[in-house]
Amino acid sequence: MPKILPVFIPFSGCKSKCVYCNQNIISGQKIDNLKNDVLKQIEFHFNICSDWDEISYFGGSFSCLSESTRNLLYNIAKEKGFKTLRFSTRPDCLKDEMIDEFKKNYVKTIELGVQSLSDEVLVKNNRPYSASTTIEWIDKLHTAGFNVVAQIMVGMYGENWDDFKFTVDTIAEKKVNGVRIYPTVVLNNTMLKNLYDSKEFIPLGYEDVFSRLIYAFVKFSAKGIEILRIGLQDSESLKKDIAAGLYYPAFGDMVKTLIIICYIKQFGKLSVREEDIKKLPNYKGILKKYFSDRIFSVKNEKIFSISRICRSLESGLSENNRGQLEREVVSFAKEVWGKTYDRQT
Ligand code: SF4
């Protein structure tokens, strides 16, 4: 994974506000003067570290910006010495003629805000385009030689299990280069907060969120797709402005630990090399405390890899047992881990 210098351009280019989104809270940034604010963020990061591989423009819809603003941002990246660039954008404002522009300006990776591949869910969340647009652009960007990262959400307004499963299965088949997975939280000053207050939106509970995360992680990882992040980046301001929904700074570690427990429950034991035992995901020591008698050190075992664990689990999860194993494991872990930051009502 390259070292990416993150520049946030909250809501820049966004044609409309998605119901769940408040990029000012998520990024902790506000844009008054785009050029100055971008330069300030770059300077801030260069003061921490001078060695960055890539610059990223996140938090807005890059390809929906005007051509002159896109050029301004490309030029800043070049002046600061960056040879590769990535940005996040909404699929519905990509255009064929932009492909050459992206290539000329060192764009290597495009992070597509997929969120869901259900047309109904997209519309309900104020993303007025169809899922076929997203699929079409994943294919076009791949063909043009860009890396594609898909950002998806869990438990969106109006989303059910089948919608989520379809989204995950389709993206996994597309073999994107990476995914970011965001469980839905209700942020202050969003339309979702109004829907929550009027009880039209009830966030998913612990078992549902983690069962879906396990399913998605296993599917993606089994296909060799890197999971770049689970959950929003932690910050004090974020925690202060989450009105409802499940949020943990360590979602990634928790999910990987749950996957190891699923594997042990499914196959009775886990064999790893002695030197890999301490590298196992082990959130809050749950493996050591409850499963050490089922983890065996074997000399000639292959190097531990979560992808291999996921490949072994893939066909068994959710299809054969209809989510029962994940739910049992999640319920057990919930008791052990407690309910820190669990604001579920
Ligand atoms: S989710 Fe993306 S497209 Fe929607 S409002 Fe937020 S930044 Fe804009």
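**Figure 1. Division of the chain into two domains.** In this predicted model, the chain is divided into domain 1, spanning residues 4-248, and domain 2, spanning residues 256-337. The C-alpha centres of domain 1 and domain 2 are separated by 30 Å. Where the domains meet, 15 residues of domain 1 are in contact with 19 residues of domain 2.

**Figure 2. The open parallel sheet.** The sheet is built from 7 strands, arranged in the order S1-S2-S3-S4-S5-S6-S8. The pairing is parallel, and the sheet is open. Its edges are formed by strand S1 (4-8) and strand S8 (226-230); each has a single partner strand, so one side of each is left without a neighbour in the sheet. On average, neighbouring strands of this sheet are turned by 20 degrees against each other, with direction ignored.

**Figure 3. The pairing of S2 with S3, and helix H3 on the sheet.** Strand S2 (residues 54-58) and strand S3 (residues 85-89) run parallel and are joined by 3 bridges. Within this pair, tyrosine 57 stands opposite phenylalanine 87 of S3. Helix H3 (residues 67-79) packs on the sheet, where it touches S2, S3 and strand S4 (107-115). The direction of H3 makes about 155 degrees with that of S2.

**Figure 4. Helix H9 on the sheet.** Helix H9 (residues 206-222) also packs on the sheet. The strands touched by H9 are S5 (147-154), S6 (178-183) and S8. The direction of H9 makes about 180 degrees with that of S6.

**Figure 5. The packing of helix H2 against helix H3.** The axes of H2 (residues 34-48) and H3 come within 11 Å and cross at roughly 25 degrees. Because angles under 35 degrees count as roughly parallel, H2 is described as roughly parallel to H3. The crossing of H2 past H3 is right-handed. On the H2 side, Leu34, Lys35, Val38, Leu39 and Ile42 take part, and they meet Thr69, Leu72, Leu73 and Ile76 in H3. Sorted by class, the contact of H2 with H3 comprises 7 nonpolar, 1 polar and 1 charged residues.

**Figure 6. The crossing of helix H9 with helix H15.** The axes of H9 and H15 (residues 324-337) come within 9 Å and cross at roughly 120 degrees. This angle makes H9 oblique to H15. H9 passes H15 in a right-handed crossing. From H9, the contact is made by Tyr206, Glu207, Asp208, Phe210, Ser211 and Ile214. From H15, the residues that contribute are Glu326, Arg327, Val330, Ser331, Lys334 and Trp337. By class, there are 5 nonpolar, 2 polar and 5 charged residues in the contact of H9 with H15.

**Figure 7. The packing of helix H9 against helix H14.** H9 and H14 (residues 306-313) pack with their axes 8 Å apart, at an angle of about 110 degrees. Because angles of 65 to 115 degrees count as roughly perpendicular, H9 is described as roughly perpendicular to H14. Phe217, Val218, Ser221 and Ala222 of H9 make the contact with Ile306, Ser307, Cys310, Arg311 and Leu313 of H14. By class, the contact of H9 with H14 holds 6 nonpolar, 2 polar and 1 charged residues.

Technical notes:
Residues numbered from 1 in each chain as written. Predicted model: local features only at pLDDT ≥ 70, side-chain atom pairs only at ≥ 80, totals over all residues. Heavy atoms only, no water. Pairing = 2+ DSSP bridges. Helix = DSSP H or I, 4+ residues; strand = E, 2+ residues; numbered from the N terminus. Axes fitted to C-alpha atoms, helices over the stretch in contact; angles between N-to-C directions. Contact = heavy atoms within 4.5 Å. Parallel < 35°, antiparallel > 145°, perpendicular 65-115°, else oblique. Left-handed = near helix turned anticlockwise from the far one by under 90°. Nonpolar A, V, L, I, M, F, W, Y, C, P; charged D, E, K, R; others polar. Domains from an automatic or database assignment.
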